[in-house]
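Please look over the structure shown here with attention to its side chains. The report below is meant to be read beside it.

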Amino acid sequence: GDINLQLKGSLKRWEHAGLAFATNFRLPSGDPYNALGSGALGIRPFLVLSGDYKRIAPHINVGYQWNGASVLAGNIGLGIKREIPGQIPYVAGLDFAASKRLTLNFDVLGQEVIHGDRILPPVGVQLPDGSTSSSITFGRSSYNMTNGSAGLKFNPGGRLLVIFDLLFRMNSSGLRATVSPIVGLSYTL
């Protein structure tokens, strides 16, 4: 797949909060013809505001995703490239330290897709014989995809972190699963 690199730096710190700026770079190293990459460079600068109030840690991220041209947004059969639509990604959520080793989390993750390809509502078409039929048309319009994520992070000991989450859609825009389980392991060196 594509390689993602991220740079992050602190802008401002308060007693119980902090503001950071980050940029994610998506390098088109994967093969878009085999569903292994986007085929286009992507740059996503974003702001991160996070807090820490006893056992609760709220956070908000918002940014903008610029994308290059790819056959995935054009015509993959003919090899024609077109710009992948820009997006405004956002996240708002909180972590709750239930115990020293267990953290519960909930997030709302969304993205406003700007001028993305859409199947438009059927349009009535008059046929030569006088009858009517519906025609499916395609167009570009902006739309919002919003998901929720609920889960936990567990530290069984040392520097190991085990992550369990359920990602679920909160609206019906876009093509995505109703519920997706996410399992992860993280080890700090």
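This is a predicted model: local features need pLDDT of at least 70, side-chain atom pairs count only at pLDDT 80 or more; totals for chains, interfaces and linings use all residues.

## Salt bridges between separate parts of the chain

Side chains of opposite charge can pair when their charged atoms come close. In this structure there are 4 salt bridges. One of them joins Arg 26 to Asp 2, with the closest N and O atoms 3.8 Å apart. Because Arg 26 belongs to strand β2 (residues 17–27) while Asp 2 lies in the segment before β1 (3–13), this pair ties together parts that are 24 residues apart in sequence. Arg 26 has a relative accessible area of 14% and is therefore buried, the limit for that class being under 20%.

A salt bridge is also formed by the side chains of Lys 153 and Asp 95, at 3.5 Å from N to O. Lys 153 is part of strand β10 (residues 132–157) and Asp 95 is part of strand β8 (residues 87–97), so that the pair ties together parts 58 residues apart in sequence. The two partners fall into separate accessibility classes, since Lys 153 is partly exposed with a relative accessible area of 26%, whereas Asp 95, at 17% relative accessibility, counts as buried.

Asp 117 and Arg 140 meet through their side chains in a salt bridge, at 3.8 Å from N to O. With Asp 117 in strand β9 (residues 102–126) and Arg 140 in strand β10, the pair ties together parts that are 23 residues apart in sequence. Both residues are partly exposed, Asp 117 at 44% relative accessibility and Arg 140 with a relative accessible area of 38%.

## Aromatic pairs

Across the whole structure, a search finds 2 aromatic pairs. In the pair made by Tyr 64 and Trp 66, the ring centres are 4.7 Å apart and the planes stand at 65°, so the arrangement is edge-to-face. Tyr 64 counts as partly exposed, with 26% relative accessibility.

The rings of Phe 106 and Phe 168 have their centres 6.4 Å apart and their planes at 35°, and the pair is therefore tilted. Since Phe 106 lies in strand β9 and Phe 168 in strand β11 (residues 160–169), the pair ties together parts that are 62 residues apart in sequence. Phe 106 is partly exposed, with a relative accessible area of 35%, and Phe 168 is likewise partly exposed, with a value of 23%.

## Arginines over aromatic rings

Two arginines are placed over rings. The charged end of Arg 44 sits over the ring of Phe 46, at 4.7 Å from the ring centre, while Arg 118 lies over the face of Tyr 143, with 4.2 Å to the ring centre.

## A loop residue and its contacts

Where in the chain does Ile 76 lie? Ile 76 is found in the loop between β6 (69–75) and β7 (80–83), and at 39% relative accessibility this residue counts as partly exposed. When residues up to four places away in sequence are not counted, Ile 76 touches Pro 32, Tyr 33 and Val 71.

How many Å separate the C-alpha atoms of Ile 76 and Ser 149? The separation is 32 Å, for two residues that are 73 residues apart along the chain.

Technical notes. Residues are numbered from 1 along each chain as its sequence is written. Side-chain values use heavy atoms; hydrogens and water are left out. Helices (H or I, at least four residues) and strands (E, at least two) are DSSP runs, numbered from the N terminus. Buried means under 20% relative accessible area, exposed over 50%, partly exposed in between (1.4 Å probe, protein chains only). Rings of Phe, Tyr and Trp (its six-membered ring) pair if their centres lie within 6.5 Å; planes under 30 degrees apart count as stacked, over 60 as edge-to-face and the rest as tilted. A charge sits over a ring if NZ of Lys or CZ of Arg is within 6 Å of the ring centre and within 35 degrees of the ring normal. Contact means heavy atoms within 4.5 Å.
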